[in-house]
Amino acid sequence: MAANPSRRAAVADAALELLGRDGARAVTHRAVDLEAGVPPGTCSNYFRSRSDLLEGMAQRIFELLTPEPDRLEPLSSLPTEEAGPAYAGYVVERLLARPNLARALIELRLEAERSPEVAAPLGQFLRAGFDADVDFHTARGLPGGREHVLRLHYLINGILLDALTIPLDPGADPVAQARDITARLQP
């Protein structure tokens with residue numbers, strides 16, 4: 001594997017953009033090279049096979065989806081009853097700000113169901129992210145614990161799937177929905 005981490009990240013980013021925009025069938029080494037604007041063969045220097053590329057995308061997507069600390073800071077000072085809905089709204093807002101990246105995550109989850117090579121790293125990152133969310137929720141003193149955070153994940157995943165595909169109510173605001181429903185779900 002070539003040793004330029006920033007080039008590797010740029011190639012993975014291009015692959016994620018392509019995946020989110022055009023779907024899994026569009027992701028080939030040649031197409032990723034074109035999307036990234038790099039010389040032919042660059043993608044295969046970093047990711048020898050399609051499985052390697054998908055695994056690299058699974059690893060990279062969570063770096064790209066990390067919350068911005070300057071956005072989390074104001075949320076940390078909210079009263080407990082307002083904090084949960086505000087955090088849920090921020091998650092939806094953050095993911096919808098990069099719709100192709102959010103779609104790529106959905107595509108990767110579907111691909112992971114078909115491919116053990118993708119399932120292992122993606123499952124590891126998803127579960128680690130969930131554990132981090134539970135720890136954050138608990139440390140922040142938000143009510144409900146692990147089971148409540150799990151319900152929030154299910155809620156947000158459903159809102160995102162609806163908003164990123166064919167919305168049942170095209171006029172609905174997904175961020176407002178996340179806030180409202182989270183407020184209703186609070187223990």
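**Close-up views of a predicted model**

At 31% relative accessibility, Glu35 of this predicted model counts as partly exposed.

**View 1. Glu35 pairs with Arg21.** The two side chains form a salt bridge. Their closest N and O atoms are 2.8 Å apart. Arg21 sits in helix 1 (residues 5-22), and Glu35 sits in helix 2 (residues 29-36). The pair therefore ties together parts that are 14 residues apart in sequence. Arg21 is partly exposed, with a relative accessible area of 41%.

**View 2. Asp13 meets Arg60.** This contact is a salt bridge too, at 2.6 Å from N to O. Asp13 belongs to helix 1 and Arg60 to helix 4, so the bridge joins parts that are 47 residues apart in sequence. Are these two residues buried or exposed? Asp13 is partly exposed, with a relative accessible area of 27%. Arg60 counts as buried, because its relative accessibility is 17% and the cut-off for buried is under 20%.

View 3. Glu63 forms a salt bridge with Arg60. The closest N and O atoms of this pair are 2.6 Å apart. Both residues lie in helix 4, 3 residues apart, which means about one helical turn separates them. An α-helix has 3.6 residues a turn, so residues three or four places apart point the same way. Glu63 is exposed, with a relative accessible area of 52%. A search of the whole structure finds 8 salt bridges.

**View 4. Helix 8 from end to end.** Helix 8 covers residues 116-139, a run of 24 residues.

**View 5. The buried residues of helix 8.** Which residues of helix 8 are buried? They are Val118, Pro121, Leu122, Gly123, Phe130, Val134 and His137. What covers them includes helix 4 (50-64), helix 7 (99-114) and helix 9 (145-164). Helix 4 also holds Arg60 and Glu63.

How values were computed. Residues are numbered from 1 along each chain as its sequence is written. This is a predicted model: local features need pLDDT of at least 70, side-chain atom pairs count only at pLDDT 80 or more; totals for chains, interfaces and linings use all residues. Side-chain values use heavy atoms; hydrogens and water are left out. Helices (H or I, at least four residues) and strands (E, at least two) are DSSP runs, numbered from the N terminus. The expected span of a helix is 1.5 Å times one less than its number of residues. Buried means under 20% relative accessible area, exposed over 50%, partly exposed in between (1.4 Å probe, protein chains only). Contact means heavy atoms within 4.5 Å. A salt bridge is a side-chain nitrogen of Lys or Arg within 4 Å of a carboxyl oxygen of Asp or Glu.
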